[in-house]
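Subject: Structure for you to look at

Hi,

Here is the structure I promised to pass on. Could you have it open while you read my notes below?

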Amino acid sequence: MTKKPNIESILGATESKTFLGLKACNDLDMLNASSIFIGATGATPYGNMGPFCQNAPDTIRKAISYMTNNIDRYNFDIGGPIFPEGSKPAVDYGNLPFNETNFSENRSVIRATVAKVLKAGAVPIVVGGDDSVPIPMLDALADTGKDYTILQIDAHIDWRHSHMNEKLGLSSNMRRASEMPHIQKIIQVGARGIGSAHSNDVQDAQEWGAEIIPAEDVHLYGITPIIERITLGTNIIICFDADGLDPSIVPGVLARSPGGLTYFQAIGLIKGAASKGTIAATNFTEFLPDSDVDDLGALTVSRVIAATMGVIARQNNK
Ligand SMILES: [Mn+2]
């Protein structure tokens, strides 16, 4: 096989250990940023699955590292540089430690880190890790005393009471969210095919008031009716599972499911959320490098995260 020409050589990219070459922030007491990339290895894995998405944060950092010297260029997805003049850039916190046997310690670390970030006035961008990671993140938001709307983008609704005797695993995050008093509204976008949900899970979700917009409806009617569901002036948490996107652009997921969201449907939802309220926290989970194809999914997820950082930098500028 001939060697592929590499884009790094014309972009002048330099080796970077941080996302987009952002400044590293190792001390949250010194945090002064619009958002902060927090790599999460995992939280509460099922049975012997282990932290199967543990390499996601570093793979995602690597996928966008060729852009590190071009961060000031025009990004057409958000209508300007990621961090426009006068805005606060994002920073990168590195990766949280993971304990293979003490899952409650994993959750405590995530919760404490997110709580500290929120106190410093920055928006956590928790990059997982499997979908058990959002549970302690969502729990940390209770400390603010504010109410929240969750905008979940996912092929699955994640309303299982428990699975394999575990209540805090990846199939239960929205069920646990619904039990938190500070979570007032849940909008779930992208469900499709057969997933974790049984019919009574869907019924429970709807009875609670979760607004479920299956992927098919996104393709049929677009994202505008979804954005209209977000109450004006609300605080928003984006819970983004990589399998919400179509597997043609993110093959690196546990269970590929056809009919997922396009890149611009996802970007449009994030921009739309910021146009209605304030994005207060985000997570991007379930990217599985081992199943990816030619780093295509890592590229897609890294671009969504970069655009989200830009959207957040702009809202802090309002
Ligand atoms: Mn999912």
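I'll begin with E286, which sits in the loop between β9 (278-285) and α10 (296-315); helices (H or I, at least four residues) and strands (E, at least two) are DSSP runs, numbered from the N terminus. Before I go further: this is a predicted model, in which local features need pLDDT of at least 70, side-chain atom pairs count only at pLDDT 80 or more, and totals for chains, interfaces and linings use all residues. Residues are numbered from 1 along each chain as its sequence is written, and side-chain values use heavy atoms, without hydrogens or water.

With a relative accessible area of 4%, E286 is buried (buried means under 20%, exposed over 50%, partly exposed in between, with a 1.4 Å probe and protein chains only). N165 also has a positive phi, about 65°, without being a glycine. This residue belongs to the loop between β5 and α5. Is N165 buried or exposed? Its relative accessible area is 79%, so N165 is exposed.

There is a cis peptide bond to look at as well: it links G128 to G129, with omega at about 15°. You will find G129 in the loop between β4 (123-127) and α4 (134-140). G129 is also one of the residues touched by T41; the others are P51, C53, Q54, L96 and F98, leaving out residues up to four places away in sequence (contact means heavy atoms within 4.5 Å). T41 itself is in the loop between β2 (35-39) and α2 (56-63), and its relative accessibility of 14% counts as buried.

**The manganese ion**

Which protein atoms hold the donor places around the manganese ion? They are D154 (OD), H156 (ND1), D241 (OD), D243 (OD) and D243 (OD) again, at 2.2 to 2.7 Å. Donors are N, O and S atoms within 2.8 Å of the metal (3.2 Å for Na, K and Ca), and water is not among the atoms, so sites may look incomplete. Along the sequence, the spacing of the donor residues reads D-x1-H-x84-D-x1-D. H156 is in the loop between β5 (148-153) and α5 (173-178), while D243 is in the loop between β8 (235-241) and α9 (263-276), so this pair ties together parts 87 residues apart in sequence. Relative accessibility is 17% for H156, which counts as buried, and 7% for D243, also buried.

**The nonpolar cores**

In soluble globular proteins, nonpolar side chains tend to be buried together. A nonpolar core here is a set of buried Ala, Val, Leu, Ile, Met, Phe, Trp, Tyr and Cys residues joined through side-chain atoms within 4.5 Å. The largest one has 60 residues, and F19, I305 and M309 touch the most other members. The biggest contribution to this core comes from α10, with 10 residues. If you click on I305, look for its contacts with F19, F37, I60, I125, V127 and F284, which leave aside neighbours within four places in sequence. There is also a second, separate core of 39 residues, with I38, A122, I135 and L138 among them.

Happy browsing, and best wishes
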